[in-house]
Amino acid sequence: MMQGKKSWLGLLMMAALMCVTGIVLFRGQPVSLLWACLKHLNPWFLLLGLALMFGYVGCEALCSRLILGRLGHKISYGHCLGYSFVGFYVSSITPSATGGQPAQIYYMSKDGIPAAHGALNMMLIAACYQVSALIWGGAVWMLFPAVRAVMGSGLGVFLLYGAGMMMVLTLGMAMVMFLPGPSRRICNKVLALLQALRILRNPKAARERLDRHLAEYARGAVCIRKNPGLVLRVLLLCVVQLGMLFSVPWAVYLAFGLQGQSWIQVAGLQALLTLAVCNLPLPGAVGPAEVGFVTAFTAVFGAQLVTPAMLVSRGISFYAFLLISFAVAVGVHVRTSREARNRALREMTSGQTGARVRAVRRYLNTRMEGTELPMA
């Protein structure tokens, strides 16, 4: 589970992208001028921005608690909050946020939640999150032409790509859930093509993984059919969750003491920008997110303040929260490892020989796992 090399590669890539982005954005920007802009910020609105990010993570935690509770698991909100922080951290350091969900499923399993239920939970949240992103982007695009015009032709290309990818992923997920027969045939043809091109080295293992994923999506479809109210609540929570994320630039706008732009103009612009860059295969979309912010939000903050505003906005919504989520992820890792060892020790005192042997093996495994950082 813990693929340290992949994690460090993601971190190194992020650091390199940050260096290149910094050189591009701060060329010709005196540090004294940046500091002069930043020191007049209203700290209360910065705290509002941080509160919005805690609300963003908290909404996902509430979604997990609702879904896992419906699946029969009485899990505390605190534990769900820990899973969400783990997901934020690992997603931020892996390209296209691919590592977050497996890491969350892993820690759920360490708390006794079956991997199948953890996977179903994350699948439903991912589906609702993607639909919510499209709802936000589509509503802003259609109802606020002035916001749409700010994106321009350059960012418009990225928006077209991001929205297209999001729609393909969402429709693909829906097809796999509700049309399993055609989906299986399409996937088998893709695997056969990859095998013929000698790209797929282990077709048997690939088909086994495909069967497991299709079974997970089938369970998801059953859950949706049986619990339409649950899915609606999760979808609404995801809409609110994204609204909090998109409102961070608005808090920064107020922190600079600016006036003249409405909340929906600022949040809507961030919604389109996020949709444009979120599917790029880069850790945390570092680089395009910063450059895109400066390009799009110049009309909001002005040429003099847009770079400081980008520093503060991305600092709150990504970099500061990356450090916070790392600290929480370490805490989750320590807690789950300690609890797993304690469970194994209790079983070692049981009267059955076979159970003791299995418990010793689990205890030794948790000792080894406890030495690794929570990276996916």
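Rings of Phe, Tyr and Trp (its six-membered ring) are taken to pair if their centres lie within 6.5 Å, with planes under 30 degrees apart called stacked, over 60 edge-to-face and the rest tilted. By this rule, 15 aromatic pairs are counted. The model is a predicted one, in which local features need pLDDT of at least 70 and side-chain atom pairs count only at pLDDT 80 or more, while totals for chains, interfaces and linings use all residues. Residues are numbered from 1 along each chain as its sequence is written, and side-chain values use heavy atoms, with hydrogens and water left out.

Tyr253 and Phe301 have ring centres 5.7 Å apart and planes at 70 degrees, so the pair is edge-to-face. Because Tyr253 belongs to helix H11 (residues 248-255) and Phe301 to helix H13 (residues 288-301), the pair ties together parts that are 48 residues apart in sequence. Helices here (H or I, at least four residues) and strands (E, at least two) are DSSP runs, numbered from the N terminus. Tyr253 is buried at 2% relative accessibility, and Phe301 is buried at 6%; buried means under 20% relative accessible area, exposed over 50% and partly exposed in between (1.4 Å probe, protein chains only). Both residues belong to one aromatic cluster, formed by Trp250, Tyr253, Phe256, Phe293, Phe297 and Phe301.

The wider fold can now be described. The protein chain has 15 helices and 0 strands, and 45% of its 376 residues count as buried. Of the contacts (heavy atoms within 4.5 Å) with a separation of 6 or more, 76% join residues 24 or more positions apart.

In soluble globular proteins, nonpolar side chains tend to be buried together. A nonpolar core is defined as a set of buried Ala, Val, Leu, Ile, Met, Phe, Trp, Tyr and Cys residues joined through side-chain atoms within 4.5 Å. The largest such core has 50 residues, and Met53, Phe297 and Phe301 have the most contacts inside it. Helix H12 (residues 263-277) supplies the largest share of this core, with 9 residues. Leaving aside residues up to four places away in sequence, Phe297 touches Pro249, Val266, Leu269, Gln270, Leu273, Gly302 and Val306. A second, separate core of 21 residues includes Ile93, Ala103, Tyr107 and Phe318.

Lys110, in helix H5 (residues 100-110), is buried, with a relative accessible area of 8%. Its side chain makes a polar contact with the side chain of Ser337 at 3.1 Å. A polar contact is a pair of N or O atoms within 3.5 Å; within protein, one must be able to donate a hydrogen and the other to accept it, and residues adjacent in sequence count only if both atoms are side-chain atoms.

Finally, Leu38 lies in helix H2 (residues 31-38) and counts as partly exposed at 24% relative accessibility. Residues up to four places away aside, Leu38 touches Pro308 and Val312. The C-alpha atoms of Leu38 and Val312 are 8.4 Å apart, although 274 residues separate the two along the chain.
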